[in-house]
Each structure stands twice: as C-alpha cells, then as structure tokens.
Amino acid sequence: MTTANKERILAFFDEHYPDVKGELEYKKDYELLIAVVLSAQSTDVAVNAVTRKLFTKHPTFASLLTVKEAQFAAYFKTLGLYRNKAKHIYNLLHLLNEQHDGKVPESKEKLLKLPGVGVKTANVVRAELFKIPEIAVDTHVARIAKRLGFAKFSDDVTTIEKKLRRLLPQERYIKTHHQMIHFGRYLCKAQSPQCKKCPLVDICVEPNKKL
Ligand code: SF4
C-alpha cells in the first residue's frame, strides 16, 4: 500500500460517501448490542425487520427480560443461526441485568465476556455508542481491505484489523469503517463486484476476483 494509493482511496471515499453511517436501527444502547449480535451472517435489512417487531412489542429492557429463549427463536427464525442467537440474546440480557444494571459496558474486556459478543461486535458497539476509535472487521471490511491492498488475501481478521489500524489515521477509523462497508455493499460486492464502474480499478489488487 503506497501513501499515494491510500490517499486516493480515502479521497474517493470522502467524495462519494461523506456521511455514511451504520444501517442497524436502534434507539437504546442494549438495542444496538442485540442488533449487532443478530447481524452475524445476516444482512442489516433482515436484522432490522426482526428487531422492529421485537422492540415494538418489548420497548423496555424490563419487558425484554420477560421474553423466553424459545420466544426469541420465533422472532429470529428468518435469520441464520437463529437458535444460537436466541440463546445468546436471552443469556446476554440476563447477564447485562445482573452484572451491569442493564447498561452496555464500554470496556472491551467486559463486552467480550457477554454471550455472542466477539471482537467485531465489541468494536462496533464501542465505536457506535462510545465513539471510541475502533475498526470492526466484518465481511465487507475484510474483502475491501484485501482488494484495495490494505491487507493480503491470506490475512485473517485480526491481522487485517492490525494493518488497518497502522495504515489509517486514528481519527478516521470509525468513518472509514463505514465507508468500506458502503463501498462493499453497493459497488465492490463479494460475488459480483462492479469493476467496470469502479474508479479504483487501477489500484485494485485483483479486479473481478470473487471473495
Ligand atoms: Fe472491487 Fe472491482 Fe473495484 Fe477491485 S475493481 S475494488 S474488485 S469493484
């Protein structure tokens, strides 16, 4: 990754995606946490369809605590891994209630102890709720980082996160994370990247490669 390429990529992102934000819908901190846990291997659109129903029926934390695991599974059945997700959300809510007074913790260490919460989820929550500079490497970010040369195709998510942290200015972590997701969702798609329309094709490591 040359400095010139990096600057061109970031200038392209800023010109075309100046204000992109996360697309998961939430009003309360625990609602975001639930939505991010549900988003593993599911699209934000599918998660929003589920959480709209769940949070309308159960608009408070106390109300969500009355929902049984099997009832969560019924809400989540349109999502992949829904039985696991139901178990995680049920346990997560009760743990939040018992150990954190129903508040989502800011500390990464504490977040990682919650059921269903891995590094990516913890990073998304810390960036979104607490504005802590984190780069959550999801499937879009990993793919774009590889295609645009921030990382190698063989790198795992931990290595990709380290490389992005080193290559990007810290004040851009949150913004560029959203920009990469947007670029990946609408142009540089996994199976059908729109390479003919891509203004970064000359920088791309391997145009038309499916990931
Ligand atoms: Fe993605 Fe294609 Fe652009 Fe490469 S050329 S960054 S694969 S859209």
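Which residues surround the ligand? They are Arg 147, Leu 148, Phe 183, Leu 187, Cys 188, Pro 193, Cys 195, Cys 198, Val 201 and Cys 204. A residue is taken as near the molecule if one of its heavy atoms lies within 4 Å of it.

The model is predicted: local features need pLDDT of at least 70, side-chain atom pairs count only at pLDDT 80 or more, and totals for chains, interfaces and linings use all residues. Residues are numbered from 1 along each chain as its sequence is written, and side-chain values use heavy atoms, with hydrogens and water left out.

Stay with the ligand. Its shell holds nine nonpolar residues, no polar ones and one charged residue. Here Ala, Val, Leu, Ile, Met, Phe, Trp, Tyr, Cys and Pro count as nonpolar, Asp, Glu, Lys and Arg as charged, and the others, Gly among them, as polar.

Now turn to helix 3, residues 44-57. Helices are DSSP runs of H or I with at least four residues, numbered from the N terminus. Helix 3 has 14 residues. From first C-alpha to last it reaches 20 Å, close to the 20 Å expected at 1.5 Å a residue. That expected span is 1.5 Å times one less than the number of residues.

Buried means under 20% relative accessible area and exposed means over 50%, with partly exposed in between (1.4 Å probe, protein chains only). Contact here means heavy atoms within 4.5 Å.

Next, the loops. Gln 41 sits between helix 2 and helix 3. Its phi is positive, about 55 degrees, although Gln 41 is not a glycine. Gln 41 counts as exposed because its relative accessibility is 70%.

The loop between helix 8 (119-130) and helix 9 (139-147) holds Lys 131. Lys 131 also is not a glycine, and its phi is positive, near 55 degrees. At 58% relative accessibility, Lys 131 counts as exposed.

Leaving out residues up to four places away in sequence, Ala 136 touches Lys 120, Asn 123, Val 124, Val 141 and His 177. Ala 136 and Gly 80 lie 56 residues apart in sequence and 20 Å apart in space, C-alpha to C-alpha.

Note on methods
Helix = DSSP H or I, 4+ residues; strand = E, 2+ residues; numbered from the N terminus.
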